[in-house]
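Dear colleague,

Please find below the sequence and structure that I am handing over to you. My notes on the findings follow directly after them.

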Amino acid sequence: MLDQIADVGRDVQRGGYSRHAYAAPELELRHWFVEQAVRRGLNVETDQNGNLWAWWGERGDDALVTGSHLDSVPGGGAFDGPLGVTSSLQAVDLLQAKGFTPNRPFAVAVFAEEEGGRFGVACLGSRLLSGAIDKDKALGLKDPDGVTLAEAMRAAGYDPDRVGKDEKALRRIGQFVELHVEQGRGLAVPVGVASSILAHGRWRFTFSGEGNHAGATLIEDRRDPMIPASHLVLAARKAARGGARATVGRIVPNPGGTNVIASTVDVWLDARDVDDARTRAMVAEISDAAGKAAREEGCELRIAEESYGGTVHFDAALRDDIAQALGGVPALPTGAGHDAGILAAHVPTAMVFVRNPTGVSHAPEEFAEQADVDEGVRALATTIEHLAS
Ligand code: HGY
Ligand code: MN
Ligand code: MN
């Protein structure tokens, strides 16, 4: 099934896929999902926050929900997100082929903008659904071209004025189980379950100096924001100790000319650790180093926290129940965020991981062996049968 969408949203500049919320490739994937769901006799609806729900039978409360996301990071791989969606649909195929029908409401869900690849906040669809982000803040989020979420939703035919916490949709979820390609190399067997997700957040550092001519400006006359920005990158690496992770993957100088001293530089920090205290202490250490470097270069610094999520501990009973139903598979922590992590604050959630032989993710090289993918589909079907019969 992944082959069916293998040409959607290819990014020829970056390699891999760029499939961002409400942009053409992602809308094409939404259309593909609806077609696939209808073909299986599922009833599809889009909720007020742009998330898709394909119901097997009547919609109802205390549903078993599976699914994942179809959007990607810029230049992402083929599996992160779509594997959970295709595996959910193929698990439905296996169950329908053996004459199984769920004895409780069941849906395959596709959450919007899980990666935050366009509007900068990860898990935007599930955060809006669960009220984990203020609706007006969300609607005002801008993409790199300055298009707001509200404008993007409207252009795609959705009504942005309806977004916001969706108590009814939340109440309908009894349990959520997300299948996902593992992002790391913790699995020595084809399938595992998740135990926890690191606390993680995103911060935007804006350094302001004086734009000027690269050739005509003496070094001592400069206030070059690229200098403290560079210190930030190295401070992040220095501060990430003892299993913590701090990453700068995106630096945007303004105006960005080769022979131009930038007037401002935006730097985004992705920081993660086992708990809030350690994560925030690490960000404070990095911020201090950035502030010091800014002052030394006569630059201003503004820091904005763009998103934050605390450590997620998945429901242990559900985790162990699924692990047992799968014949005893390992439970492992992850450093990657997921919609399951957002929903975990409201409903019992679990994740089923499919082995990733290289561990690489958020890159075109992301890969999973067909045999492991098939094992994942069977595991998800077993899980659904176990929880909905
Ligand atoms: O950033 C993450 O961990 C997730 O892939 N959105
Ligand atoms: Mn994902
Ligand atoms: Mn991802």
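In these notes Ala, Val, Leu, Ile, Met, Phe, Trp, Tyr, Cys and Pro count as nonpolar, Asp, Glu, Lys and Arg as charged, and the others, Gly among them, as polar. By that scheme, the shell around ligand 1 consists of 1 nonpolar, 2 polar and 3 charged residues.

Please note that this is a predicted model, in which local features need pLDDT of at least 70 and side-chain atom pairs count only at pLDDT 80 or more, while totals for chains, interfaces and linings use all residues. Residues are numbered from 1 along each chain as its sequence is written, chains are lettered from A and ligands numbered from 1 in the order in which they are written, and side-chain values use heavy atoms, with hydrogens and water left out.

The ligand site

The residues surrounding ligand 1 are E114, E115, R272, A336, G337 and H362; a residue is near a molecule or strand if one of its heavy atoms lies within 4 Å of it. Several polar contacts were found here, a polar contact being a pair of N or O atoms within 3.5 Å; within protein, one must be able to donate a hydrogen and the other to accept it, and residues adjacent in sequence count only if both atoms are side-chain atoms. In the side chain of E114, an N or O atom is 3.1 Å from a nitrogen atom of ligand 1. For the side chain of E115, the distance from an N or O atom to a nitrogen atom of ligand 1 is 3.0 Å. G337 takes part through its backbone, where an N or O atom lies 2.7 Å from an oxygen atom of the ligand. Taken alone, ligand 1 exposes 220 Å², and the protein buries 96% of that; accessible areas come from the Shrake-Rupley method with a 1.4 Å probe, and for residues only the protein chains shown count as cover.

The four-stranded sheet

Helices (H or I, at least four residues) and strands (E, at least two) are DSSP runs, numbered from the N terminus, and two strands pair if DSSP finds at least two bridges between them. An open, antiparallel sheet is formed by 4 strands in the order β9-β11-β7-β12. β9 (245–254) and β12 (300–309) stand at the edges with a single partner strand each, so one side of each has no neighbour in the sheet.

β9 and β11 are joined by 9 bridges, and R245 has R272 in β11 as its bridge partner. R272 is also one of the residues surrounding ligand 1. Between β7 and β11 there are 10 bridges, with R204 opposite W268 in β11. Strand β7 (residues 199–208) is connected to β12 by 9 bridges, and F205 faces I303 there.

Burial is defined by relative accessible area: buried means under 20%, exposed over 50%, and partly exposed in between (1.4 Å probe, protein chains only). Strand β11 (residues 264–273) has 9 of its 10 residues buried, so it is largely enclosed by the rest of the structure. A199 lies in strand β7 and, at 0% relative accessibility, counts as buried.

Strand β6 and its partners

In strand β6 (residues 191–197), 7 of the 7 residues are buried. β6 pairs antiparallel with strand β15 (residues 349–354) over 3 bridges, V193 standing opposite V352. With strand β14 (residues 331–334) the pairing is parallel, again through 3 bridges, and A194 has L332 as its bridge partner.

Yours sincerely
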